[in-house]
Amino acid sequence: MKKTTLNLCAPLAGALVALSPAGALADNAGKPKLSFYGAPGLVEMPTAESMPDGQLAVTLTHFGGTTRNTLSFQITDRLSGSFRYAHLDGFRSFNETELYDRSFDIAYRLVDEGRIRPSIAVGLRDFAGTGVYGSEYVVATKSVHPRLKVTGGIGWGRLGSYNGFTNPLGAIAETLETRPGNRGIEDTGQVSFEQYFRGDAAFFGGVEWQYSDRLSLFVEYSSDDYVRETQVNSMFVKSSPLNFGLKYSFKNGLDLGGYYLYGEEIGAVISYSLNPKQPPMPGGRESAPPVIYPRNGSVAAASWSQEWVTQPDQVAQTRKNVAAGLDQQGVELEALVLTGDSATLRIRNQTYDAAPQAIGRTARSLTQTLPASVETITIIPVVEGMRISAVTLKRSDLEELETQVDGSWQSYIRADIADASAFKFKRSDLAAGAYPDFSYKFGAYLSPSFFDPDQPIRADVGAELNLSYTPAPGLVFSTKLRQKLAGNLGDSARVSDSVLPHVRSDAALYEQDSDFEISNLTAEYFFRPTKDVFGRVTVGYLERMFGGVSGELLWKPVSSRLALGAELNYARQRDFDIGFGFQDYDVVTGHASAYYNFGNGFLGQVDAGRYLAGDYGATFTLDREFANGWRIGAFFTLTDVSFEEFGEGSFDKGIRLYAPVSWVTGEPSQKGFGTTIRPLTRDGGARLDVRNRLYEVTRGFQDPILSDRWGKFWR
Amino acid sequence: MKHLLSAALLGVMALAGCDSDGSQREMFESIFKRDEAKVDPALTAKVQRLGLAGQPIIVASIEAENRAGLLVREVQRGRESTYISEGGVSISFRSGVLVATRGMGGDLMGADVATLERYLRTGGAGAASRSHAYLDGDEQIQKHQFSCQVASRGSRQIAIDEKSYATKLIEEKCSGSGFAFENLYWLDRRGEILQSRQWMGPALGSLAFRKVLR
């Protein structure tokens with residue numbers, strides 16, 4: 001996971017807190033503390049508290065041979081989710097004397113705390129894993145004093161294992177009194193509906209006493225008997241249900257805790273939390289934008305002469321000035337069409353992650369370079385040669401709104417945002433030097449791999465060269481070449497036991513056989529077939545494991561929350577050396593996709609079709625996307641491959657994270673840290689990893705993202 | 001090279017004698033200039049050009065941080081003027097009242113100060129409201145509303161460049177949106193603001209401005 005981001009933020013966040021009296025990071029009082037499970041809780045037991053909306057927390061804990069690494073996310077104000085990777089040393093499992101365990105938790109706050117009533121939450125631990133931590137609970141928490149919180153709850157499964165009693169839910173249905181046994185490893189990853197809230201139940205509880213704003217003390221009574229750790233195995237000795245702890249919260253988001261557990265064990269917790277809504281530098285710290293220049297004094301626009309447009313040298317000079325002005329802002333002019341009172345431009349945004357900022361700076365720069373008679377400015381951002389949208393602004397609106405308190409909203413509603421396919425350009429409109437375009441990037445890469453039981457973290461490092469040549473708008477020849485320099489990705493001795501075609505599970509063979517690799521080598525063509533529609537054709541070595549042909553069409557009206565796409569590919573598996581050769585396996589794969597922006601930062605996506613192993617099914621993805629670019633989501637894929645054929649994990653699923661560099665630095669940047677975490681990668685439900693899928697390419701310069709990020713227009 | 005303006009203006013400053021606490025040199029360097037490595041030579045040249053062409057100059061300081069620096073006017077558009085610094089900061093005033101900053105961090109994105117503007121122009125006093133816009137951490141505009149009381153504190157003699165100026169001191173006390181601040185404006189006989197202290201926002205607090213008279 002992206003520890004780099006997290007570590008970087010810490011000092012900056014500290015600096016900010018010092019600056020900002022309103023800095024919410026400083027507000028530790030009442031903030032829920034994270035338990036050994038990395039979610040709001042006491043020591044091991046959950047509480048009914050929630051983290052602040054959007055909060056992201058990484059927690060590392062250790063005691064009694066158990067190490068847990070948890071990533072938690074407050075998905076909405078009430079709903080939270082966690083992903084955990086645990087190591088149980090001395091836990092016998094399938095001929096091993098240790099166990100690596102992945103688990104997902106989910107919790108929902110049902111009731112908010114009132115003057116008398118407590119807050120109440122319900123939660124499922126390990127609801128889709130191997131069941132080691134499988135448990136459910138209902139818990140209530142009440143602040144009885146500004147510094148004292150009391151928690152009590154009832155748990156099932158693991159949380160009903162100490163001093164348990166017959167399930168009170170048995171009154172509803174007697175079958176709830178017995179909990180079906182744990183299943184074998186081949187069943188792991190299935191959602192265990194038939195276990196929820198079944199079997200014996202037990203009470204748990206405890207208190208948190210906030211000694212100071214920074215230091216909290218905990219005492220709890222645990223209803224977890226650690227049967228499998230202490231009775232089936234002997235990882236540690238348990239002599240008491242009581243746990244004690246203290247936790248210190250630093251200003252920068254770091255928490256450290258020391259604990260005494262189950263009468264015998266010493267434990268430690270370290271956690272780091274941050275909130276995507278609270279960057280170290282709200283509003284950014286990039287240089288001031290161009291200032292809007294007055295036109296010639298206070299003469300009315302109509303009286304300005306438009307004669308200049310008939311004089312070729314004047315037009316040429318204007319083009320030159322416009323291009324130079326945009327260049328200063330990190331925006332490249334692709335084309336410019338001038339009439340006496342209007343200017344229509346195609347631009348490439350090479351600098352800003354917030355599209356409205358590129359548009360806003362372009363517009364302001366134009367007030368310094370365009371003749372006074374030009375009143376209408378149409379800015380057409382171009383990505384991969386495609387005109388994504390056409391934003392038309394009135395110069396007099398810009399002049400009026402530059403420093404108005406409602407300037408952001410007013411400028412958005414006065415802007416006309418339209419489909420750009422109707423704006424055609426002639427070759428002679430293109431700016432000098434716009435095409436052909438050649439670019440290269442040379443740098444280092446780090447390629448990690450997680451969760452191999454033999455070695456939970458592996459990584460390769462090496463050098464990477466990206467080359468790209470664009471002879472004409474939309475046509476891109478590009479390649480990524482990598483030379484491995486060091487690493488241990490190839491050390492994996494795991495041999496795929498998959499009964500499906502080995503479309504992904506031979507990853508280790510690719511690592512072993514490759515040294516210098518052609519990660520991709522493609523010709524791409526991007527085009528606008530008609531209004532609201534975007535197209536892409538990609539031919540070549542599409543990704544590390546497959547080459548072939550890929551075609552895609554996307555329907556995305558400029559202001560629509562809904563987008564629909566269709567993709568069809570012919571893919572052939574590449575040789576393990578990731579060179580020019582191919583293996584025998586080939587497949588026709590493709591998906592129909594629907595994307596929907598629900599608003600409030602939630603994005604849904606469904607892709608239905610045929611996957612690489614020839615299986616048919618659908619992938620469901622839900623992302624929470626912050627306007628500033630942070631994105632946290634989860635996905636799962638169900639196909640006609642049975643859970644048994646799929647193997648361990650039962651079906652493909654995972655979480656993905658993206659953090660923009662600009663969030664950390666406060667400077668505009670189009671870079672970010674992104675990662676997809678899959679507990680397991682197998683062959684069922686595997687999708688071709690073709691680059692530049694159209695939805696991601698186009699949506700930044702369309703609504704609703706334009707409106708979400710319009711605050712940056714005047715920045 | 002990048003200190004050319006500084007050098008050129010140092011003379012002006014010496015004459016103007018502003019804030020003669022002996023750290024003028026430091027002032028130039030620390031001012032509103034974030035990162036030496038990031039100084040943009042084109043911007044430096046522009047600021048120098050404007051300064052040498054006789055555009056008005058102000059000294060601005062961040063009260064809480066003891067940082068100060070020079071800004072030169074780039075544009076006067078109607079009642080609005082925008083000043084820029086070598087460090088990539090711009091500050092905009094409407095009739096001398098702070099209405100926007102850019103590049104400082106926690107910027108004031110825009111402001112409505114219409115009532116105050118009228119009071120300053122007509123010599124009126126009484127209740128006034130003002131509103132400010134800021135970008136929050138998720139790039140959304142947050143509007144803060146303030147209720148203010150504007151009153152005259154009477155005549156004040158202030159010294160700029162060892163010359164004495166007769167001014168009228170106006171105070172503006174505001175509170176709202178969880179903040180309270182007090183702005184001060186020293187107006188000369190023609191009603192122009194010679195110096196002022198104005199609250200920019202939660203991130204950096206109050207800024208002090210003074211005209212460089214040459």
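Strands here are DSSP runs of E with at least two residues, helices are runs of H or I with at least four, and both are numbered from the N terminus. Two strands pair if DSSP finds at least two bridges between them.

This is a predicted model, in which local features need pLDDT of at least 70 and side-chain atom pairs count only at pLDDT 80 or more, while totals for chains, interfaces and linings use all residues. Residues are numbered from 1 along each chain as its sequence is written, chains are lettered from A and ligands numbered from 1 in the order in which they are written, and side-chain values use heavy atoms, without hydrogens and water.

Show residues 135–145 and 148–157 of chain A. These are E6(A) and E7(A), antiparallel and joined by 10 bridges. A hairpin of 2 residues connects E6(A) to E7(A). E5 pairs with E6 in the antiparallel sense over 7 bridges. Pick Ala121(A); Val139(A) in E6(A) stands opposite.

**Charges over a ring**

Select Tyr37(A). Arg125(A) lies over its face, 3.6 Å from the ring centre. The charged end of Arg68(A) also sits over the ring of Tyr37(A), at 4.1 Å from the centre. The test is NZ of Lys or CZ of Arg within 6 Å of the ring centre and within 35 degrees of the ring normal.

**Salt bridges**

Go to Arg158(A) and Glu229(A). They form a salt bridge, with the closest N and O atoms 2.8 Å apart. The pair links distant parts of the chain: Arg158(A) is in the loop between E7 and E8, Glu229(A) is in helix H2, and 71 residues separate them. The cut-off for a salt bridge is a side-chain nitrogen of Lys or Arg within 4 Å of a carboxyl oxygen of Asp or Glu. Arg158(A) is buried, at 10% relative accessible area. Glu229(A) is buried too, at 0%. Buried means under 20%, exposed over 50%, and partly exposed in between, with a 1.4 Å probe and protein chains only.

Next, select Glu334(A) and Arg346(A). Their salt bridge has its closest N and O atoms 2.7 Å apart. Glu334(A) lies in strand E13 and Arg346(A) in strand E14, so the pair ties together parts 12 residues apart in sequence. Both residues are buried.

**Aromatic rings**

Select Tyr85(A) and Phe451(A). Their ring centres are 4.5 Å apart and their planes are at 50 degrees, so the pair is tilted. Rings of Phe, Tyr and Trp (its six-membered ring) pair with centres within 6.5 Å; planes under 30 degrees apart are stacked, over 60 edge-to-face, and the rest tilted. Tyr85(A) is in strand E3 and Phe451(A) in strand E19, so the pair ties together parts 366 residues apart in sequence. Tyr85(A) is buried at 9%; Phe451(A) is buried at 8%.

Follow E19(A) onward. A hairpin of 2 residues joins E19(A) to E20(A). The two strands run antiparallel, with 15 bridges. Ser447(A) stands opposite Asp460(A) in E20(A).

Last, select Phe36(A), Phe63(A), Tyr226(A), Phe236(A), Tyr259(A) and Tyr262(A). They form one aromatic cluster.
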